[in-house]
Amino acid sequence: MSLADVTARIAIAEARAGRPKGAAQLIAVSKKQPDARVWDVLDQGHRLFGENRVQEALAKWPEWRQQYDRVSVHLLGPLQTNKARQAVGLFSAIHSLDRPKLASTMARLAQELGQCPELLIQVNTGDEPQKAGVLPAQADDFIAETRAMDLPVTGLMCIPPVDQDSSRHFALLADIAARNGLDHLSMGMSADFEGAVALGATYVRVGSAVFGARDEG
């Protein structure tokens, strides 16, 4: 597959779901990808990328942003509180707000720095002990808590269990967002992004289908 293939499939999924073209934005997940592959996607005009680690993103995106205009980078992976200050200056959005301590840190930094990335709350829709994220039953309270801190929380993110039908997790996330008046849903990856688009995703996170298999070394 390629960038053109993925964007075409997103457009088809939008049309089938009766959604306007561009309703679901493609985040090209560039973590652990060789530089040349990312540059190729940049040269094709794509400008929205996702990274999982602050340090990896710091090593490349500040320099690349000097070469390419209008680049937006989102943090998709877990954020340690001691990396939060760096994250505020680097990312346009953070999809992994998942605990009160991190929310408090982000609120303090927002006041101190006068800026804050768009924030999405990670929901552990599968109640998996090894995964980060607030549990669905706790999501409403956590959303209210972050709003009381004046944080720019705009949506939710989930990573469904690999051995389950992802559609029911996407539907659950969409329901939580709807009842809390949140606009963005970050859901769907290379294997299931079309189903996510059908269920309301506004961000789909696609890596291998855009770039090829990652270098896991």
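## Asp 150 and its loop

In this predicted model, Asp 150 sits in the loop that runs between helix 7 and strand 6 (153-157). Its backbone is worth a look: phi of Asp 150 is near 60°, a positive value in a residue other than glycine. As a reminder, most residues other than glycine have a negative phi.

Is Asp 150 buried or exposed? With a relative accessible area of 66%, Asp 150 counts as exposed, because the cut-off for that label is over 50%.

## Asp 127, another positive phi

Although Asp 127 is not a glycine, its phi is positive, at about 50°. You will find Asp 127 in the loop between strand 5 (118-122) and helix 7 (136-148).

## The largest pocket

The largest pocket has a volume of about 750 Å³. Its lining is made up of 33 residues, and the closest to the pocket centre are Lys 31, Asn 52, Leu 76, Gly 77 and Ile 159.

What is the make-up of this lining by class? The lining of the largest pocket has 13 nonpolar residues, along with 10 polar and 10 charged ones.

## Which elements build the lining

Two elements, helix 3 (54-58) and strand 8 (203-206), each supply at least two residues of the lining of the largest pocket. Which element gives the most to that lining? Helix 3 does, with 3 residues.

Conventions
Residues are numbered from 1 along each chain as its sequence is written. This is a predicted model: local features need pLDDT of at least 70, side-chain atom pairs count only at pLDDT 80 or more; totals for chains, interfaces and linings use all residues. Side-chain values use heavy atoms; hydrogens and water are left out. On a 1 Å grid over the protein atoms alone, a cavity is a set of points where a 1.4 Å probe fits but cannot get out, and a pocket is an open set with protein on both sides within 12 Å along at least five of seven lines; lining residues have an atom within 4 Å of a point. Grid points are joined across faces, edges and corners, and a volume is the space filled by probe spheres set on the points. Helices (H or I, at least four residues) and strands (E, at least two) are DSSP runs, numbered from the N terminus. Ala, Val, Leu, Ile, Met, Phe, Trp, Tyr, Cys and Pro count as nonpolar, Asp, Glu, Lys and Arg as charged, and the others, Gly among them, as polar. Buried means under 20% relative accessible area, exposed over 50%, partly exposed in between (1.4 Å probe, protein chains only).
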